[in-house]
Each structure stands twice: as structure tokens, then as C-alpha cells.
Amino acid sequence: MRGLLALTVLALGTAQAAPLTIRFLDVGQGDAVLITSPEGKSVLYDGGRSEARMQTLLRQYGVQGLDLVAASHGDADHITGLIPAVTLYKPKFFLNNGIAATTQTWNKLITATQKAGTQGLVARDQQVINLGSVKLTVLAPPPGMPRGEQNVNSVGLLVQYGSFRALLTGDSETAETAGWLKRYPASFLGPIDVYKSIHHGAANGDSAAWLAAVRPRNVVIGVGPNNYGHPTGAALNLYRKVGANVFRTDQQGTVTVTVQPGGKYAITTERQGGVKPAPAATPTPRPQPAPTPVTPPPSSVYYPNCAAARAAGAAPVRVGQPGYGRHLDRDGDGVGCE
């Protein structure tokens with residue numbers, strides 16, 4: 001691992017004793033995390049898939065300004081809500097992975113940043129952003145990730161305030177977390193007080209090896225009604241095995257973490273209060289026959305569903321690619337099975 005000497009690229013405030021607030025916003029099926037430092041400086045990490053929903057939430061929580069918006073990656077369920085955030089608050093910086101998505105949503109976001117005068121900031125490994133007394137350390141995508149796949153190029157953020165640590169890693173998949181495991185020692189990755197579940201609890205997100213290093217005490221799953229099966233039983237079992245408390249925005253609404261100077265923290269939820277126990281174990285699945293390889297269909301034939309697209313290793317599938325069909329693209333952004 002390279003040295004951990006931090007390069008301070010932003011200085012967004014000065015110290016003043018007060019709580020740090022991290023809100024895992026209820027944006028439906030998607031991710032959005034609002035971080036407000038003790039000095040009143042704010043960062044929005046991802047924005048969910050609804051512009052209207054994000055505008056409502058920003059008003060609800062009395063956001064007066066945003067200093068930085070960050071896209072973990074370019075998929076619509078992470079960046080759509082950044083469009084009104086940029087338009088309304090004109091943040092100084094837009095942190096991203098430097099890989100343009102081929103969607104109208106991405107183009108709209110970039111147009112909004114240009115109109116707002118927001119400066120693009122491509123993620124660099126171990127880049128440190130000082131949000132007043134809160135330190136944000138960037139986990140850039142490891143070398144070797146396929147440029148055409150947004151998930152494995154997710155940008156992570158490690159949030160530190162006193163002894164408190166939170167970790168956000170977008171929709172990164174096993175290939176990316178394996179790369180981070182090679183790059184960072186376990187003492188850097190964990191333990192983590194509050195951890196955002198990877199990819200809404202998808203089966204291709206968290207792994208036992210990754211969580212053994214992260215050692216999360218609490219996991220928040222940003223999830224809404226979906227036909228992907230999120231969060232999966234496999235992910236919930238992983239969180240149970242590491243002894244983490246699990247929170248879900250689909251069941252509990254927005255999850256708020258309040259951190260006092262020094263690092264003592266409390267977690268509250270919009271619809272239910274208090275920490276929930278780790279989920280009960282689900283029955284051990286019976287052995288299943290090896291899956292039959294799926295051959296990508298010709299361009300005139302669609303994958304029948306996202307499960308088939310994923311089995312063929314084709315997800316996400318984009319407009320113009322073999323197997324793409326509008327029934328796979330629920331938000332109409334040209335990318336199916338995100």
C-alpha cells in the first residue's frame with residue numbers, strides 16, 4: 001500500500017465543536033448519503049434516481065448549501081438526484097470516477113454542473129478532503145477495472161470524525177473490493193462504525209473476505225421496492241455473520257447517524273427508533289445443480305430478464321448491445337439491469 005500521507009485538496013471549513021450528521025436518505029431503490037460537518041459544510045454522496053424526491057429531501061432537512069457532490073459511479077439510481085442538487089446549490093466540486101456514462105441522465109448532470117460553474121474532480125487514491133473537522137478519504141477504483149463497467153469503478157469514501165469511521169463504496173463488486181484488499185491493509189479498512197451496504201445488498205456486492213477486513217458494526221442498506229431481490233439473503237447472512245446491526249431505508253426510512261466530537265455516535269431512523277438487531281439466519285439453501293451457461297442472444301432477441309443477462313455476464317446491458325430490451329430498463333436511461 002502506498003503511504004497514507006494525505007494530500008489535502010480542499011479546505012472547506014474550520015473547527016467548531018458540534019455533531020457530524022450522516023443521513024442515509026430514503027430515495028427508494030438507490031443510494032444517497034448527505035454528510036453535514038460540525039461546521040455546517042455539506043456533501044451529497046450519490047443522489048438516488050428521482051429529481052423530485054431529492055428536492056423534497058433537501059428541503060426537508062434544511063440544506064442551505066452543498067460544498068461538494070460526489071457520484072460513486074454513473075448509474076441513474078445514483079446520479080439522477082444530483083442534477084437538482086447541483087442546480088439549486090451550485091457546489092464548488094463534483095467528485096466522480098472520470099468515466100462518462102452513455103446516458104441522457106449523465107449528460108443532463110454534466111450540463112447542470114457546467115451551468116453551475118462546478119469543477120469536476122476525478123477521484124485519486126487516498127485523496128483527502130477536509131470538510132472542516134471531518135476528514136473524507138477517497139478510495140479510487142483500483143487499476144485494471146474494465147472502463148466500460150461503472151459498478152467496478154465505484155468511488156469510495158471513508159468518513160472520519162474523532163474515533164468514528166464510516167465507509168461508503170457505491171455499487172462496487174467483488175473485483176473492485178478484491179483490488180482494494182490488495183491495496184489497503186485491514187487496519188485502514190476497518191473497523192467501521194457505520195457501513196453502507198454495497199449495491200443495495202446485491203449478491204455481487206459484499207463478500208466474506210471484504211467484510212472480514214471492514215468489520216462493520218452497523219450496516220445501512222439503501223434500497224426500495226425492486227425486482228432484483230435486493231437485499232439478497234446472501235448479503236443479509238454476511239452481515240449477520242459479522243455481527244452487524246442492519247438498517248434498511250425501505251423499512252425504516254431515512255437513517256440518521258449523529259456523531260459527537262470524539263466519535264461517540266447514535267443511530268435513529270425515520271419510521272422506527274433505535275438500533276435493530278442483526279437479521280435472523282435464513283435456512284441454508286439446498287445444493288443446486290451448476291447453472292447452465294447462457295449464450296448472449298442475437299441482436300434481434302432480448303434477454304427475458306435481468307437474471308438471464310447477469311448469468312450471461314452481460315449486465316448492465318446498454319442500448320445497442322445484444323440482448324438489450326426496454327423491459328430490462330425500468331428508468332429508461334438506456335442501461336438495463338443496473
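Mentor: Helices here are DSSP runs of H or I with at least four residues, and strands are runs of E with at least two. Please keep in mind that this is a predicted model.

Trainee: How many helices and strands does the protein chain have?

Mentor: The protein chain has 10 helices and 18 strands.

Trainee: What share of the residues is buried?

Mentor: Of the 338 residues in the protein chain, 55% are buried. The chain exposes about 14,100 Å², and carbon and sulfur atoms supply 54% of that area.

Trainee: And the contacts between residues at least 6 apart in sequence: what percentage join residues at least 24 apart?

Mentor: The figure is 66% for the protein chain.

Trainee: Let us turn to the helices. At what angle do the axes of α3 and α4 cross?

Mentor: The axes of α3 (residues 82–89) and α4 (residues 104–116) cross at roughly 10° and come within 9 Å. Angles under 35 degrees count as roughly parallel, so α3 is roughly parallel to α4.

Trainee: Which residues make that contact?

Mentor: From α3 they are Leu82, Ile83, Val86 and Thr87. The α4 side consists of Thr105, Lys108, Leu109, Ala112, Thr113 and Ala116. By class, the contact has 6 nonpolar, 3 polar and 1 charged residues.

Trainee: How does α1 pack with α3, and at what angle?

Mentor: Helix α1 (residues 51–60) packs with α3 at an angle of about 50°, and the axes are 8 Å apart. That makes α1 oblique to α3.

Trainee: Which residues meet there?

Mentor: Glu51, Met54, Gln55 and Leu58 in α1 meet Ile83, Pro84, Ala85, Leu88 and Tyr89 in α3. This contact divides into 7 nonpolar residues, 1 polar and 1 charged. Ile83 takes part here and also in the contact with α4.

Trainee: A change of topic: how many aromatic pairs are there?

Mentor: The count comes to 4 aromatic pairs. One of them is formed by Phe164 and Tyr265, whose ring centres are 5.3 Å apart with the planes at 65°. Planes over 60 degrees apart count as edge-to-face, so this pair is edge-to-face.

Trainee: Where in the chain do Phe164 and Tyr265 lie?

Mentor: Phe164 is in strand β11 (residues 164–168) and Tyr265 is in strand β16 (residues 265–269). They are 101 residues apart, and the pair thus links distant parts of the chain.

Trainee: Is Phe164 buried or exposed?

Mentor: Phe164 is buried, with a relative accessible area of 0%. Tyr265 is partly exposed, at 27%.

Trainee: What about the rings of Tyr184 and Phe188?

Mentor: Their centres are 4.7 Å apart and their planes are at 35°, so the pair is tilted. Tyr184 and Phe188 are both buried.

Trainee: Now Asp193. Which residues does it touch?

Mentor: Leaving out residues up to four places away in sequence, Asp193 touches Ser163, Phe164, Arg165, Arg217, Asn218 and Tyr265. Two of these, Phe164 and Tyr265, form the edge-to-face pair. Asp193 is in strand β12 (residues 192–196).

Trainee: Is Asp193 buried or exposed?

Mentor: Asp193 is buried, with a relative accessible area of 6%.

Trainee: Lastly, which residues of α8 are buried?

Mentor: In α8 (residues 233–241), the buried residues are Ala235, Leu236, Asn237, Leu238 and Tyr239. Their cover includes α7 (208–214), β13 (216–221) and β14 (245–248).

Trainee: And what is the phi of Gly243, which follows α8?

Mentor: The phi of Gly243 is positive, near 75°.

How values were computed
Residues numbered from 1 in each chain as written. Predicted model: local features only at pLDDT ≥ 70, side-chain atom pairs only at ≥ 80, totals over all residues. Heavy atoms only, no water. Axes fitted to C-alpha atoms, helices over the stretch in contact; angles between N-to-C directions. Parallel < 35°, antiparallel > 145°, perpendicular 65-115°, else oblique. Contact = heavy atoms within 4.5 Å. Nonpolar A, V, L, I, M, F, W, Y, C, P; charged D, E, K, R; others polar. Buried < 20%, exposed > 50% of the residue type's maximum accessible area, 1.4 Å probe, protein only. Areas by Shrake-Rupley, 256 points an atom, 1.4 Å probe, with all protein chains shown as cover. Phe/Tyr/Trp six-rings, centres within 6.5 Å; stacked < 30°, edge-to-face > 60°.
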